[in-house]
Amino acid sequence: MGEALEARMRDRLGRECLYVPSCRLGLYVALRHWCRPGGRVLMSPVNDDVILFVVLAAGLRPVQAPLDRRDGSLDTAAVPASVWPGLSAVITTNLYGNPDPAPELRARCDALGIPLLEDAAHAIGSRVDGRPVGSYGDASVFSLSKHTAAKTGGFLTVADPALRRPLAEARDDLLVPSRLSSELAYALRPYAEAGVRGLRLVRAARAVMRLLGMEEREEIRMPLRADELKQALAAAPALRPFNSWVRVDMHDYRIAPGRARLRRTGRLLDRLDDRLDAHLDGTRRLLASPWGAPGPGPLQPLFRVPLLVADRDAAIAALARHRITTGYLYDPPLDDYASELFTDVSPSPEPARWFARHALPADPLKADRIITVLRESGVRPAKAPHGG
């Protein structure tokens with residue numbers, strides 16, 4: 001399954017790659033392999049809530065980390081010394097493509113004897129100290145739904161090639177057979193979206209997305225359903241009790257891909273370098289805008305550029321009036337969303353709250369349009385708190 005795609009990614013990353021139907025399934029496989037149930041996993045509170053439920057489904061306790069308010073990256077210096085010895089693993093997020101401090105986290109994990117797992121869904125083109133994001137961890141997961149716009153599939157990559165077979169067996173045990181209806185929906189989706197958007201039928205486009213199980217949220221975060229979640233936790237580790245949370249916006253996250261899906265994904269992967277060049281160019285222009293917040297490292301081909309605006313809702317509304325949809329929002333942070341019932345809260349939550357409230361994820365491929373709309377709408381940059 002996906003051998004040709006695996007070979008291309010192997011050449012790009014320099015490590016063994018295993019095709020998975022989704023990044024979230026790949027992360028679940030990795031967590032089940034490296035972490036014993038009951039362990040504690042350090043992660044970012046500004047992240048997709050699906051990832052929280054993947055960690056819980058693996059029978060693990062999420063531990064929310066402090067963040068750098070400039071770009072949402074993990075702030076390892078702010079993690080209390082008492083937290084590190086109790087961890088079973090660290091998951092990076094590389095939010096929007098901004099790299100987490102992988103070399104420092106690698107050293108920490110080596111000293112503790114625990115795995116580093118890199119979530120590189122947003123960061124397929126990002127680098128740290130000259131190495132690709134995803135090449136530091138014991139395992140890393142990549143998404144083909146983001147930069148490539150394949151809307152399906154991903155990779156689980158591993159530092160130890162000998163682990164490929166047991167991980168492939170674990171993946172296969174979780175797959176459900178490909179269905180003709182799923183493959184037809186996938187094949188028709190680009191045409192349906194293009195048709196309704198070409199006619200400027202934005203509501204119809206969203207209806208199509210919901211029909212295909214690709215967009216379900218009414219709010220930024222899905223409903224937590226705490227009572228049901230407690231019942232699911234009693235059955236962990238297991239994916240099935242958490243399926244209603246983990247499948248949100250991607251009902252085919254466990255479906256074995258058909259040939260048409262793999263062929264289209266391969267064609268889009270072939271164009272990845274051109275897409276990364278376009279993302280890099282748009283990122284440069286967005287970061288140079290009044291709302292940009294360049295980080296200390298080199299420029300990256302960000303999947304989304306987190307512009308920092310004073311009133312994010314007003315900025316979203318201004319963009320919507322020009323038919324520019326804003327997605328990939330992660331507010332409130334996961335510890336505020338899930339509470340201490342389901343996660344260890346961050347010891348320094350304010351930077352994550354500030355970033356989540358003010359970050360406006362801007363598509364680099366629409367950089368000029370976004371800058372024009374924000375400028376003409378009078379959107380003001382966010383002012384960092386004193387001491388931030």
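Is P296 buried or exposed? P296 is exposed, with a relative accessible area of 69%, where exposed means over 50%, buried under 20% and partly exposed in between, using a 1.4 Å probe and protein chains only. The structure is a predicted model, in which local features need pLDDT of at least 70 and side-chain atom pairs count only at pLDDT 80 or more, while totals for chains, interfaces and linings use all residues. Residues are numbered from 1 along each chain as its sequence is written, and side-chain values use heavy atoms, with hydrogens and water left out.

**The chain as a whole**

- The protein chain contains 15 helices and 11 strands; these are DSSP runs numbered from the N terminus, helices being H or I of at least four residues and strands E of at least two.
- Of its 388 residues, 55% count as buried.
- Among contacts in the protein chain with a separation of 6 or more, 71% come from residues 24 or more positions apart, a contact being heavy atoms within 4.5 Å.

- Strand β9 covers residues 154-158, and five of its five residues are buried.
- In a regular strand, side chains alternate between the two faces of the sheet.
- On one side of β9 lie G154, L156 and V158, and on the other F155 and T157; all are buried.
- Strand β1 (residues 16-20) pairs with β9 in the antiparallel sense over five bridges, pairing requiring at least two DSSP bridges between two strands.
- Strand β8 (residues 139-143) also pairs with β9 in the antiparallel sense, over five bridges.
- L156 of β9 is the bridge partner of L18 and also of V141.

**Helices α2 and α3**

- Helix α2 (residues 23-34) packs with helix α3 (residues 49-57) at an angle of about 30°, their axes lying 9 Å apart; axes are lines fitted to C-alpha atoms, for helices over the stretch in contact, and angles run from 0 to 180 degrees between N-to-C directions.
- Helix α2 is therefore roughly parallel to α3, a description given to angles under 35 degrees.
- The contact is made by R24, L27, Y28 and L31 of α2 together with V50, I51, V54, V55 and A57 of α3.

- P296 lies in the loop between α11 (272-287) and β10 (305-308).
- The C-alpha atoms of P296 and R70 are separated by 9.7 Å, although these residues are 226 residues apart along the chain.

How values were computed
Parallel < 35°, antiparallel > 145°, perpendicular 65-115°, else oblique.
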